[in-house]
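Me: I would like to learn how to read the features of a model such as this one, with the cut-offs stated as we go. Could we take it step by step?

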Amino acid sequence: MAKLQGFEFWAKTLKEARFVVAPMVDQSELAWRLLSRRHGAHLCYTPMLHAQVFVRDANYRKENLYNEVCREDRPLITQFCANDPEVFLQAAMLAQDYCDAIDLNLGCPQMIAKRGHYGVFLQDEWELLEKMVRSANEKLSVPITCKIRVFKEIEKTVCYAQMLEKAGCQLLTVHGRTKDQKGAMTGIASWEHIKAVRKAVSIPVFANGNIQHLSDVERCIQETGVQGVMSAEGNLHNPALFEGRSPPVWEMAEEYLEVVKQYPPCSLSYVRAHLFKLWHHTLQIHQDLREELAKVKTLESLADVSRQLRLRCQEEIAKGKDAEDKDSGLPLPHWICQPYVRPPPKEPVANGNTQGSELKKAVCQKRALEDSDGSAEALSKNKQKKRSRNPRKNFCPEQKPKYIKCEQCGNPKGNKCVFNLCRGCCKKKAYKEVADCPSHGLRFKTKAEKRKAEEGEQNEGEEKEGEEKEGEEGEEKEGEEGEEKEGEEGEQTSDLATDGIKNSPQDLEDSSTKLL
C-alpha cells in the first residue's frame, strides 16, 4: 500500500484531527494521552524521545514506546530529537510500526537542547535538516512531520517552512514563538507567522501557542486557517480543554489516577508532576499538602494527598468561600481546572539618566547568598524543603567540601583513585593499562589474572587427561604384545608336541637300526 501524503494523510490516517495534545517531555505518557482522548483530543504525540538513546538502549525503547502500545491510543505520532540523519533514520525505523507518523523536534528551546545541539538550535542548519527529512521521507513506511518555532522575520519563517515541505515533510506544526521566548520571557505567540506559513505551503499545518480555552482554539483556526490546534500547558492544567469544560480539579485528578492504575507501569515522577499541575492554584493556599505531595513515594500516597485536597476544597465550598476567592486574581475558584498565566517580566523604564540604570540593576540583581550559618529564615523555599528532609544538610559554601579536579577532564576526581582521575577517565585508563582501581570498583587486572588462571587450569587439566589417555593406550599396547608373545610360545609348544606325535615307535626303531 502506497504511503499517504499531505492532506490525504491528515484526512485518512489522522481522521482530520483538529484538537491535538502536544509532545511533552515526561508528561504526554500513555495514561495522560488516554485521559486527554476521553475529553476531546483527536490526536496525541509521545513525549520527545532521544534518537541516539532509542537506537542504543532496548530498555529505553520498551519503556517509552513498545510497552505503551494500546488500541485506544491512536492515531499517535512519535517525536524524536536528533542531529544526525543516519541515527534519526535508524530510530524512526525502529518506531514506525508502533505509530502513525514520525515527528522531528525542531522547536525545543531548553538548555538541554542547546547542549545536545537539537531542537530549535538546528533551525539555522537548513542543509542538515533537509537531508534528515528527505532520507526519512524516502525510507520510512510512515509519513515524516516536523514541529518548528518561528524566526523573528515572517519571510524567513515562510522560507524555512517551504524548505521542509520540499524535503518531504507531510505535516507542519508551527509554534508561534521564537527561540528566545521561554520561561519568564515566554510572551505571546504570533499567529501572524502561523497564518503566513499556512498560506505559503500546500501541506496541513497545526498551530501552537496562546491556547487556554476552547474559544481560543476556534478563534485560532478562524484567524490562521490551520487544520488543527495543538495545546501543551493548557492541556496540562485542564485535560477537558477540548470539551470546552472547566471541571473540578479532583474530578480530573481521580480519573487520571484510575487510568494510571489501569495501564501500568507509569513512572511516579510523571504522576506527581501531573498532580502538581492540576492542583497548582490550590497548592498555593494549602502549602502543607504541597510539601506532602513532594515527599510521598507511592501511588497510593499521592492519591491520598489528592483526596485531602479535595476534602479541603469541599469544606471551603460548604463554608461559602467562593466570594473570597475572587480576590486571588483567578477568574474561577482555585479548585476549578483553569490555565496558569505566567506573570509578565518587569521591564524597568530607562530614560537615559543614572536612575534608570540603577533601577535596571536593582531588577536584574541576583538574590543575595544566604548567611554563612544557613539559618532557616535566610534559606530559599527549595533549600528549606531539603533541610526538612535532611536536617543535617549544610548549605554554607565555606563549609562545603572542595573537590580536587580530575587531571584530564576537570570533573571531581575520586578521593582514593589510583590514577587521581574521575570515574570516567579512570575507567578508560584502567581498561587500556589492564589495571585495578578499588576506589571506583574497577578490577580489569584481577579479572584478567583470574581469566588467565582459569585458562591455565583448563590447559593443565587437558594435559593430564592427555597423559592419562597415553598411559591407558600404552597399557593396552603392552597387554596386546604380551598376549601376542604368549600366543607365539603356545604355538611353538604345540608344534613340538605335534612333532612328538608324528615320530611313532616304529620310526624310532628304524632310526636306531640305521645308526647301528
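Reply: Let us begin with the polar contact, which is a pair of N or O atoms within 3.5 Å; within protein, one must be able to donate a hydrogen and the other to accept it, and residues adjacent in sequence count only if both atoms are side-chain atoms. In this predicted model, local features need pLDDT of at least 70 and side-chain atom pairs count only at pLDDT 80 or more, while totals for chains, interfaces and linings use all residues. Residues are numbered from 1 along each chain as its sequence is written, and side-chain values use heavy atoms, with hydrogens and water left out.

Me: Which backbone oxygen does the side chain of His 193 reach?

Reply: The side chain of His 193 reaches the backbone oxygen of Phe 151, at 3.0 Å. His 193 is found in helix 9 (residues 191-200), where helices (H or I, at least four residues) and strands (E, at least two) are DSSP runs, numbered from the N terminus. Contact means heavy atoms within 4.5 Å, and, leaving aside residues up to four places away in sequence, His 193 touches Val 150, Phe 151, Lys 152, Glu 153, Ile 154 and Thr 157.

Me: Is His 193 buried or exposed?

Reply: Buried means under 20% relative accessible area, exposed over 50%, and partly exposed in between (1.4 Å probe, protein chains only). With a relative accessible area of 10%, His 193 is buried.

Me: How should I read the two faces of a strand?

Reply: In a regular strand the side chains alternate between the two faces of the sheet. In strand 5 (residues 101-106), six of the six residues are buried, so this strand is largely enclosed by the rest of the structure. Both of its faces are covered, with Ala 101, Asp 103 and Asn 105 buried on one side and Ile 102, Leu 104 and Leu 106 buried on the other.

Me: How many bridges join strand 4 to strand 5?

Reply: Two strands pair if DSSP finds at least two bridges between them. Strand 4 (residues 76-81) and strand 5 run parallel and are joined by four bridges, and the bridge partner of Ile 77 in strand 5 is Ala 101. Strand 5 also pairs in the parallel sense with strand 6 (residues 144-149), over five bridges, with Leu 106 standing opposite Ile 148 of strand 6.

Me: What should I look for in a salt bridge, and how many does a search of the whole structure find?

Reply: A salt bridge is a side-chain nitrogen of Lys or Arg within 4 Å of a carboxyl oxygen of Asp or Glu, and a search of the whole structure finds 15 of them. One of these joins Glu 255 to Arg 38, with the closest N and O atoms 3.3 Å apart. Glu 255 lies in helix 12 and Arg 38 in helix 2, so the pair ties together parts that are 217 residues apart in sequence. Glu 255 is buried, with a relative accessible area of 16%, whereas Arg 38, at 43% relative accessibility, counts as partly exposed.

Me: Which residue forms a salt bridge with Arg 134?

Reply: Arg 134 forms a salt bridge with Glu 130, the closest N and O atoms being 2.8 Å apart. These two residues are four apart in helix 7 (residues 126-139), and are thus separated by about one helical turn.
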